[in-house]
Amino acid sequence: MVDLFEKLKMEAGPLAKYSHLPDDYFFFPKLEGEVGPRMHFMGREVLNWSLNNYLGLANHPEVRKADTEATERYGLANPMGARMMSGNSVMHLEFEKQLADFVKKEDAMLLNYGYQGVVSIIDALVDRKDIIVYDAESHACIIDGVRLHIGKRFVFPHNNMENFEKQLQRATKLAEETGGGILVITEGVFGMSGDMGNLKEIVELKKKYNFRLLVDDAHGFGTMGKTGAGAGEEQGVQDQIDLYFSTFAKSMASIGAFVAGQKHILKYLRYSTRSQIFAKSLPLPLVVGGMKRLELLRTKPELKENLWKIVHALQGGLRDRGFYIGPTTSPVTPVLFKGGVGEAANMAMDLRENFHIFCSVIIYPVVPKDVIIFRIIPTAAHTMEDVEETLTAFSELKHKLDEGFYRKEELVSVTKGM
Ligand SMILES: Cc1ncc(COP(=O)(O)O)c(C=O)c1O
């Protein structure tokens, strides 16, 4: 046997060879200053494209005012305890009603965190007789919820509808034997690739198969659909989504989440979602601040219009310059390059140090070894000048990559004085 902690000794991952660099450069970077397109990284201003602050609400004056006043009035403790015991309030109920109305569902339930919420919702919905069918590129909270399931689960390759139907057939056959039901889980907008779940095609199959659909629309809420109600609205199938989930961590620029659906299902979930029954409810400032955000989302369509103006300029500009950004149809903008981990690190440093642009870089093992993704997240708070600056920088980056400038395994001297 081994000592447990011995076993946990850190493995040198693909980027560990760069650990001689200043702390928190590639991992756990610290972005400082007011949340928005211009922040400070290691003491210098950077043009920041790494936040899911889609509508620019994080630093909106009305949001800041509502947050401050609510915190002053209620403090962060209020209410104490889980919703079921002592953590309920009329404002929690009011916010739930507003959220349900906004996404056109009968009822909604607040969740203290999206991740735990999704894990427990899945856990509450299925028992050993039931079968889960889910998209392979689902977010970790879905995967973890599926892991808790003690019955069968079938996965389909991302958005592959032919395979999805095959998995549905297998699930149906099995459910007939076990006497269970089928839960299908996918996302409204996928956070890495930016493409939408094929909700329209999925719900079309409800005519042939008996299943219930749970959609995690973390990236679609506030960004997609005519009113911002998400990917279901965008695809005209919101009424066919049985359980609609979104976090407040993105367009709403806050903490918390909600799930919405039919009244009797929500009632069941209120009594059965373990991560909510056994954990503290959302503090009032987050509830009151959440209502302010929802009000802005509803009443200020210009926020979403601004976002899409930036999205179109950025994605159009990248495509025009020959960049490959995959099948995105949402604000999520992945820019794909061919190259190894060393090149990725060199490019990211060049971008940060010399072009003063900060965005997330995704490398192996999240993507194959020879793929580098720079994920750009446009927001309503960005400007057309920000877009131009970024397009110019990326063109230079691509040119240098093609010339082999970043190829050395050692970090090349793209940095000044590091
Ligand atoms: C698709 C998706 N689902 C769920 C979550 C988790 O939400 P939260 O941050 O509220 O825990 C995230 C990340 O925030 C996400 O991207």
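Which residue of E2 does leucine 31 stand opposite? I began with this pairing and found phenylalanine 41 opposite leucine 31. I note at the outset that the model is predicted.

**Entry 1**

I followed E1 and strand E2 (residues 38-41) and found them paired in the antiparallel sense over 2 bridges. They belong to an open sheet of 4 strands, which I read in the order E1-E2-E3-E12, with mixed pairing. At its edges I recorded strand E1 (31-32) and strand E12 (357-358), each of which pairs on one side only. I kept in mind that strands of a sheet pair through backbone hydrogen bonds, either parallel or antiparallel.

I turned next to strand E9 (residues 243-247). I found 5 of its 5 residues buried, so E9 is largely enclosed by the rest of the structure. Leu243, Phe245 and Thr247 point one way from the strand, while Tyr244 and Ser246 point the other way, and all are buried.

I then looked up the strands that pair with E9. Strand E8 (residues 212-216) and E9 run in the parallel sense, joined over 3 bridges. Within this pairing, I noted leucine 243 of E9 as the bridge partner of leucine 214. Strand E10 (residues 257-261) pairs with E9 in the antiparallel sense over 5 bridges. Here leucine 243 stands opposite glycine 261 in E10.

**Entry 1: the ligand shell**

I listed the residues around the ligand and recorded 13 of them; the closest are Gly114, Tyr115, His139, Ala218 and Thr247. Which helix gives the most to the shell around the ligand? I found that helix H4 (residues 114-125) does, with 3 residues. Sorting the shell by class, I recorded 7 nonpolar, 4 polar and 2 charged residues.

**Entry 2: the two domains**

I looked up how the protein chain is divided and found domain 1 (4-58 + 301-402) and domain 2 (79-282). Their centres, taken over C-alpha atoms, are separated by 29 Å. The contact takes 17 residues from domain 1 and 18 residues from domain 2. On the side of domain 1 that touches domain 2, helix H12 (301-320) and strand E11 (333-338) each supply at least two residues. By class, I recorded that side of domain 1 as 9 nonpolar, 7 polar and 1 charged residues.

**Entry 3: the nonpolar core**

I took up the largest nonpolar core, which has 111 residues. Those with the most contacts inside this core are Leu99, Val133, Leu183, Phe258 and Val259. The core draws at least three residues from each of domain 1 (4-58 + 301-402) and domain 2 (79-282).

Not counting residues up to four places away in sequence, valine 133 touches Phe154, Phe156, Gln167, Leu168, Ala171, Ile182 and Val184.

From that list I went on to leucine 168, which is found in helix H6 (residues 161-178). I recorded leucine 168 as buried because it has 23 C-beta neighbours inside 10 Å, and the cut-off is 20 or more. Leaving aside neighbours within four places in sequence, I found leucine 168 in contact with Val133, Leu205, Tyr209 and Phe211.

**Entry 4: backbone exceptions**

Is the peptide bond from asparagine 78 to proline 79 cis or trans? I found it cis, with omega near -5°. Proline 79 is found in the loop between helix H2 (61-74) and helix H3 (90-102).

Lysine 104 has a positive phi of about 55° although it is not a glycine. I located lysine 104 in the loop between H3 and strand E4 (107-111). Lysine 104 counts as partly exposed because it has 15 C-beta neighbours inside 10 Å.

Alanine 253, also other than glycine, has a positive phi near 45°. I placed alanine 253 in the loop between E9 and E10. With 24 C-beta neighbours inside 10 Å, I recorded alanine 253 as buried.

Terms used:
Residues numbered from 1 in each chain as written. Predicted model: local features only at pLDDT ≥ 70, side-chain atom pairs only at ≥ 80, totals over all residues. Near = placed C-beta within 6 Å. Nonpolar A, V, L, I, M, F, W, Y, C, P; charged D, E, K, R; others polar. Domains from an automatic or database assignment. Contact = placed C-beta atoms within 7 Å. Pairing = 2+ DSSP bridges. Core = buried A, V, L, I, M, F, W, Y, C linked by C-beta atoms within 7 Å. Buried ≥ 20, exposed ≤ 12 C-beta atoms within 10 Å, placed from the backbone.
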